[in-house]
Amino acid sequence: MAMTETRPGPAAGTTADTPRRAKNFTSRVLIPYSMLAPGIILFLVFMAAPIIYTLVLSFQKKKVSGLGLGKGSQSTAFAGLDNYVSALTDPEFLGSVLRVLTYGLILIPLMLGFALLFALLLDSRRTRAGSFSRTAIFLPYAVPAVISSLLWGFLYLPGVSPFHFLARQFGMELPSLLDPNLVTFAICNIALWGGVGFNMIVMYTSLKAVPSEIYEAAKLDGCSEIQTAIRIKIPIIAPSLVMTALFSMIATLQVFAEPTTLRPLANSLSTSWSPLMLVYRDAFTRNDVFSAAATSIVIALATFIISFLFLRIVQKRAFGQEN
Amino acid sequence: MRKSFRAGAVAMLAAATMLAAGCSAGSTAGSQSAATSDPNQKVELTYWAWAPNLDKVVELWNEKNPNIHVTVNKQDGGDPAVTKLLTAVKAGSGAPDLIQAEYQKIPTLVAADALADLSGTVANDTKSHFPDGVWNDVTLGGDTLYSVPQDTGPMVFYYRADIFEKLGIAVPKTWEEYAAAAKTVHAADPEAYLGTFSSNDAGWFTGMAQQAGASWWGVDGDAWNVKIAEDPTEKVAGFWGGLVEEGVIDNKPMYTPEWNTALNTGKQVGWLSAAWGPGVLEGNAGATAGMWKAAPMPQWDASKPATGNWGGSSTAVTSQSKNLDAAAKFATWLNTDPEAIKALVKEAGIYPADTAGAESSLTEAPAFFSNQPDFYKIVGEAAQNVGSFTYGPNVNVAYNAYNDQFAKAAQSKQKSAFLDAVKNMQQVTVDDLKKTGFTVK
Amino acid sequence: MTALATPPKNRRANPSPRKASKAGKADFIREKPSYVSTGILILGALYCLFPVIWVVAAASKDGTELFSTFTLAPSTHLWDNIVELTEYRDGLFWRWMLNTALYAGVGAIVSTWVSALSGYVLAKFDFPGKSGVFKVLLMGVLVPGVILAIPQYLMLAQAGLTNTYWSVLLPQIISPYGIYLARIYAAASVPGDVIEAARTEGAKEMYIFNRIAAPMMLPGLVTIFLFQFVAIWNNFMLPYIMLGDDHLFPITVGLNGLLNQGASAPALYTLVLAGALLSIVPLVIMFLLLQRYWRVDLAAGAVKA
């Protein structure tokens with residue numbers, strides 16, 4: 001993982017142990033590892049082991065003899081790479097990947113753009129109603145995706161939506177956001193609503209950490225507020241922007257709850273709209289954990305590669321001068 | 001790394017044991033010792049079910065049978081309950097003793113070895129209580145009994161009697177008349193529809209295909225065959241595709257807030273549904289009580305009245321239950337005892353599968369249909385006309401394909417897309433069977 | 001032990017940069033307010049509040065009104081709906097609320113402690129394999145919960161723990177994200193010489209962590225707590241798969257059940273909307289009370305170091 005390399009690790013400079021102790025095996029190895037034990041054990045049991053288990057499942061398949069109804073007429077067999085081959089050649093899977101990439105290309109710039117805008121406005125000295133707005137924009141983060149999708153579902157359906165109602169009063173007919181060509185935006189909006197506040201807080205926190213003398217100096221140099229924002233503030237919080245982008249990308253690839261909750265409301269979402277919906281469908285609706293396991297591994301690997309490449313690229317740009 | 005893993009595993013196991021001992025909150029399944037030799041031994045049974053208020057019916061049993069105590073764990077409906085049961089079976093533990101199983105799920109559950117054989121228990125003596133078709137569903141046509149039938153969902157046609165009268169429409173007896181009525185309703189009010197084609201409700205479409213004479217799976221010796229893309233189903237899909245293409249039938253799913261609104265505001269003028277329909281209508285559009293009436297389904301051939309089933313479920317004992325006899329005894333009582341059936345009708349609003357029980361307990365029309373005293377006479381006649389239908393081991397795959405394929409078709413509003421959807425459903429279902437290794441003919 | 005008494009005071013100094021910048025702001029407060037930027041911010045706030053306003057209106061309607069009157073027009077049945085929701089299966093809803101508080105509250109506290117300890121060790125100790133351990137732990141961020149839920153179920157079933165409180169609590173204690181944040185906070189807020197001073201006085205390592213380092217990291221730990229609280233609160237899949245007994249459900253799974261009762265029972269929309277409203281209230285209160293701790297510094301070291 002390249003995350004640690006995004007900045008010179010602060011921990012590296014804190015080897016404050018006296019040489020006498022550092023040579024001591026107990027304090028150099030035993031103590032840190034025993035203190036890490038709760039974390040490591042929980043990680044091994046609840047993350048590593050399930051992943052290995054998934055890996056094992058992904059190389060197996062169900063084998064049926066005859067009608068498959070009698071006792072013991074179904075068994076598991078080694079599948080080799082069959083599950084991976086069918087996952088990677090499945091048009092439904094590829095379709096879901098494409099849809100989610102489109103979704104991410106729309107969502108991430110919008111979400112980070114608005115989050116940055118709001119954070120800069122909150123930080124601006126000329127903005128009022130800051131604490132009200134900050135709380136209000138952050139509030140949706142507390143609403144579980146299952147519930148927020150239900151609420152937005154009510155607001156989308158033309159038959160019950162207040163927007164469509166108002167438009168009809170003026171003799172207009174709004175298009176339904178649940179139509180096939182708009183439904184991606186409908187899902188983006190729910191994710192945007194729930195996520196913009198969190199990203200705003202992250203960026204705002206970074207802005208707050210910058211000493212105000214820098215701004216005053218900029219002001220004396222005759223920089224306008226907008227110039228200060230673009231030339232000084234944004235570059236300073238670039239590391240935060242990189243991290244929010246990374247975590248947004250990971251969340252995007254894992255989109256599941258919003259389309260799943262919206263699906264029964266309209267004809268435009270299939271049960272394999274996103275890759276994780278496909279995994280869920282295979283594992284639970286179709287009762288085929290083996291295919292689902294292989295698809296899961298493919299998704300996890302893809303996430304890993306995308307995150308890695310992303311960090312490689314931005315690292316060169318954003319942190320080039322530091323390294 | 002390996003060393004720490006092993007140490008970790010040991011520590012975790014120890015911790016888990018301690019936690020399990022310290023935590024009293026509901027370890028599932030009456031996995032007590034199987035010492036059933038003593039009849040006074042107290043048995044604890046868990047029962048996963050989703051029918052509303054079923055716990056109240058079970059209370060009656062618990063009062064009378066202190067030695068066999070049943071606890072109902074309410075589930076989110078048929079699909080999640082089955083999903084959980086299948087996962088528990090895979091894991092080897094965690095399943096309840098009893099489960100409410102829809103008829104179409106039985107082959108899937110049997111294929112996964114999730115159900116116990118009840119043919120050696122008291123439940124086997126209940127055959128005479130149920131119609132042959134239903135008994136066939138719980139035995140899969142063989143000698144093994146997998147479940148005790150609870151309720152069925154014979155389909156009928158609900159319509160807004162007041163609106164029909166206003167528009168001068170006669171109750172449609174054939175599908176041809178239904179199509180004509182749909183046109184009249186939509187012509188009178190462009191926002192109103194006689195019904196909607198719902199891509200969300202595979203069971204609903206299955207019921208209508210069943211009425212037309214379809215039976216989607218079949219057993220041929222040691223092989224399955226799949227008969228979705230055949231005449232009856234194509235006829236039904238083409239009929240609805242035509243109406244949707246014409247724009248006289250809506251194309252939006254049922255059970256959405258929008259659909260509820262349409263029921264309330266009289267924009268959905270009819271509903272093809274099942275015997276349990278009154279409960280849904282009352283819950284979704286309580287203010288329209290007394291405006292609806294039930295009629296037999298429109299027919300393809302008026303001289304040979306037929307209908308299909310939508311919904312209906314049974315009580316099965318899982319393969320993980322350690323108390324087969326006690327569980328079978330309870331399942332038998334719940335679905336054949338007159339007092340239990342009366343309570344099921346009153347509390348859970350179901351239509352009992354037990355023929356005699358249905359007749360004796362369904363004397364009065366439901367409150368929502370108080371304007372139609374002969375409500376259960378109509379439903380009872382419909383129940384006699386349910387054709388037989390064989391479900392296969394991958395109903396879930398076929399139903400899932402229905403959702404996806406017909407969602408596309410309904411969205412496109414083209415008759416040809418509806419017919420393609422049937423073909424695709426067949427394809428997906430057959431491919432899945434073959435991929436798993438079933439023999440398919 | 002005198003050395004131990006001083007750090008907590010230093011921690012007060014920690015949030016001070018924020019205060020200082022606020023004080024600095026006061027000098028400029030006479031600057032003309034910008035209507036454009038205030039307006040944009042308020043528009044954003046309204047967008048975020050709109051569905052909440054809608055749910056307040058919707059939760060105040062009875063079943064018929066919900067599907068027949070204008071959606072934003074409030075009605076008078078909020079209390080009736082709450083009463084009905086409370087009566088639903090003998091107050092099961094409130095049991096769900098308590099369960100949620102237990103899962104998210106206890107889960108988040110334990111998770112925060114484990115994250116803090118791990119992050120502290122990874123930031124402040126130098127030991128062989130350190131960066132490897134950190135990288136492996138971090139990779140957990142990449143694995144979706146939906147994927148983990150099935151194997152986790154199969155494994156917990158072996159231990160006979162499915163359908164218990166433990167099956168939902170235990171898997172959510174480990175939080176790679178929390179460890180990542182804790183490492184940043186520990187690096188930024190616990191000075192190495194303070195630890196060294198305590199060691200010279202003979203303090204045990206766990207004592208140093210619990211009594212010196214953890215208090216210094218406290219503002220950051222509250223953030224991790226809130227973060228993990230929301231994560232557990234939001235996690236639908238794990239409890240949905242693990243639990244069969246609805247007396248153990250958290251609120252999300254419970255409300256979902258009221259909506260999806262199968263075709264033969266109506267979806268209980270009025271109850272669900274009232275429940276959704278009630279379930280947001282405690283979170284809003286908690287957010288308001290703890291909002292000054294919401295300082296999720298994803299990359300603090302980069303600027304300060």
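Student: Is strand β4 of chain B buried or exposed?

Tutor: This is a predicted model, and in it 14 of the 14 residues of strand β4 (residues 147-160) of chain B are buried. The strand is therefore largely enclosed by the rest of the structure.

Student: Which way does strand β9 run against β4(B), and how many bridges join them?

Tutor: They run antiparallel, with 6 bridges joining β4(B) to β9 (residues 309-317) of chain B. Within that pairing, P154(B) has N309(B) as its bridge partner.

Student: And how does β4(B) pair with β7?

Tutor: The pairing with strand β7 (residues 270-274) of chain B is antiparallel and has 5 bridges. In β7(B), the residue opposite F157(B) is L272(B).

Student: What about β8, then?

Tutor: Strand β8 (residues 292-295) of chain B pairs with β4(B) over 4 bridges, in the antiparallel sense. Here F157(B) stands opposite A295(B).

Student: Let us step back to the whole of chain B. How many helices and strands does it have?

Tutor: Chain B contains 17 helices and 9 strands. Of its 441 residues, 56% are buried.

Student: What are the dimensions of chain B?

Tutor: Its C-alpha trace spans about 75 × 55 × 40 Å along the principal axes. The radius of gyration of chain B is 24 Å; a compact globule of 441 residues would have a value near 22 Å, so the two agree. Among contacts in chain B with a separation of 6 or more, 77% join residues 24 or more positions apart.

Student: Changing topic: how many residues do chains C and A bring to their contact?

Tutor: Chain C brings 93 residues and chain A brings 88 residues.

Student: Which part of chain C gives the most to that side?

Tutor: That is helix α4 (residues 35-59) of chain C, which gives 13 residues to the side that touches chain A. By class, this side of chain C has 63 nonpolar, 17 polar and 13 charged residues.

Student: How many residues take part where chain C meets chain B?

Tutor: There, 32 residues come from chain C and 42 residues from chain B. On the side of chain C, α5 (63-66), α9 (145-158), α10 (165-169) and α15 (251-259) each supply at least two residues. The largest share, 4 residues, is from α9(C). The classes on this side of chain C are 15 nonpolar, 15 polar and 2 charged.

Student: What domains does chain A have?

Tutor: Chain A is divided into domain 1 (13-58) and domain 2 (85-322). Taken over C-alpha atoms, the centres of these two domains of chain A are separated by 34 Å. Their contact takes 4 residues from domain 1 and 6 residues from domain 2. The side of domain 1 of chain A that touches domain 2 has 2 nonpolar, 2 polar and no charged residues.

Student: Finally, what does the predictor say about its confidence in the complex?

Tutor: It gives the complex an ipTM of 0.83 and a pTM of 0.86. For chain C, the mean pLDDT is 82, and 86% of the residues reach 70 or more.

Student: Where in chain C is the pLDDT below 50?

Tutor: It is below 50 over residues 1-29 of chain C, a stretch with 24 contacts in the model beyond near neighbours in sequence. Residues 300-305 of chain C also stay under 50, and the model has 17 contacts for them beyond four places in sequence. Where pLDDT is low, predicted coordinates should not be read in detail.

How values were computed: Residues numbered from 1 in each chain as written. Chains lettered and ligands numbered in written order. Predicted model: local features only at pLDDT ≥ 70, side-chain atom pairs only at ≥ 80, totals over all residues. pLDDT = per-residue confidence, 0-100. Contact = placed C-beta atoms within 7 Å. Nonpolar A, V, L, I, M, F, W, Y, C, P; charged D, E, K, R; others polar. Buried ≥ 20, exposed ≤ 12 C-beta atoms within 10 Å, placed from the backbone. Pairing = 2+ DSSP bridges. Domains from an automatic or database assignment. Rg over C-alpha atoms; globule rule 2.2 N^0.38 Å.
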